[in-house]
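Thank you all for coming.

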Amino acid sequence: MLRFWPLTTFYEGVMRWFLVSFSAVWLASCGGGGGGSGGAGIDPRLARLDTYAAQQLRVLGDPAQGVAGPPLTPVEMAPAMGSYQLSGFATIRVEDPANPTVLYGDAVLTVDYDLDATTGTLDRFFGADGGAVVADYVGAIALTGAGVAQDGALSYDGTLTGSGSTLALSGSLDTHLLGDPFSAVAAADLAGQITVDSDVYDGTLVVVVEQD
């Protein structure tokens with residue numbers, strides 16, 4: 001029997017976001033978007049999207065494709081000591097009706113249960129704005145908190161600049177441990193607020209990482 005994500009609301013929200021976001025950036029890249037694409041032809045950032053999509057399928061699965069992701073980590077298997085290095089990707093969506101923006105970037109996370117502390121960095125973002133142009137974004141988003149827990153939280157804060165705008169993000173991610181034994185973390189803020197220059201919009205931040 002296939003095992004699917006048991007947190008239906010969280011899972012469905014994240015998966016709906018992925019379906020829209022991957023399509024937006026993929027189509028823009030195939031269309032020859034600018035901003036550091038390295039010249040004519042297929043945008044090399046498509047390779048990073050392929051890597052992210054494969055990891056998303058491994059960590060979260062996809063019921064529509066009949067693919068099961070790992071189960072939630074059982075309470076008795078949740079780490080209580082030691083340090084873990086995880087890496088993967090992060091995704092951001094800005095719900096600006098006039099200029100919706102979708103970004104993807106790299107994510108690294110260090111979880112130290114001995115110190116009850118988690119630190120991480122989201123950076124190397126790129127994505128498509130409402131004009132379907134792919135651009136690189138400079139800057140980083142920092143993640144901080146106690147040791148990652150089931151149904152826990154991580155704080156995020158940072159600024160990204162690209163495509164003529166500055167995005168400021170700050171808030172809290174809901175966290176979930178995955179795997180039996182523990183092997184990955186999925187975290188998301190599905191109802192965030194993102195400041196673009198001087199305007200504030202609804203936004204989404206999703207982080208998917210697995211052990212190195």
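Predicted model: local features only at pLDDT ≥ 70, side-chain atom pairs only at ≥ 80, totals over all residues.

Let me begin with Tyr52, Phe89 and Tyr104, which form one aromatic cluster. Residues are numbered from 1 along each chain as its sequence is written, and side-chain values use heavy atoms, with hydrogens and water left out.

Rings of Phe, Tyr and Trp (its six-membered ring) pair if their centres lie within 6.5 Å, and planes under 30 degrees apart count as stacked, over 60 as edge-to-face and the rest as tilted. By this rule the count comes to five aromatic pairs. One of them joins tyrosine 52 and phenylalanine 89, a stacked pair with 5.0 Å from centre to centre and 25° between the planes. This pair links distant parts of the chain, since tyrosine 52 sits in helix α2 and phenylalanine 89 in strand β3 (residues 83-94), 37 residues apart. Helices (H or I, at least four residues) and strands (E, at least two) are DSSP runs, numbered from the N terminus. Tyrosine 52 and tyrosine 104 have ring centres 6.1 Å apart and planes at 20°, so this pair is stacked. Here tyrosine 104 belongs to strand β4 (residues 101-112), and the two tyrosines are 52 residues apart. Tyrosine 52 and phenylalanine 89 are both buried, and so is tyrosine 104, where buried means under 20% relative accessible area, exposed over 50% and partly exposed in between (1.4 Å probe, protein chains only).

Turning to the helix itself, α2 covers residues 45-60, and its 16 residues reach 22 Å from the first C-alpha to the last, close to the 22 Å expected, a span taken as 1.5 Å times one less than the number of residues. Its buried residues include Leu46, Leu49, Tyr52, Gln55, Gln56 and Val59. After α2 comes glycine 61, whose phi is positive, near 70°.

What does glutamate 210 touch? Its contacts (heavy atoms within 4.5 Å), not counting residues up to four places away in sequence, include Gln55, Arg58 and Val59, and also Gln85, Leu86 and Ser87. Glutamate 210 is found in strand β10 (residues 199-211) and is buried, with a relative accessible area of 19%. Its side chain makes a polar contact of 2.3 Å with that of arginine 58, the term meaning a pair of N or O atoms within 3.5 Å; within protein, one must be able to donate a hydrogen and the other to accept it, and residues adjacent in sequence count only if both atoms are side-chain atoms.

Two strands pair if DSSP finds at least two bridges between them. β7 pairs in the antiparallel sense with β6 (residues 134-145) over seven bridges, and with β8 (residues 165-178), again antiparallel, over 11 bridges. The hairpin of β7 and β8 has two residues between the strands, and serine 163 there takes a positive phi near 55°.
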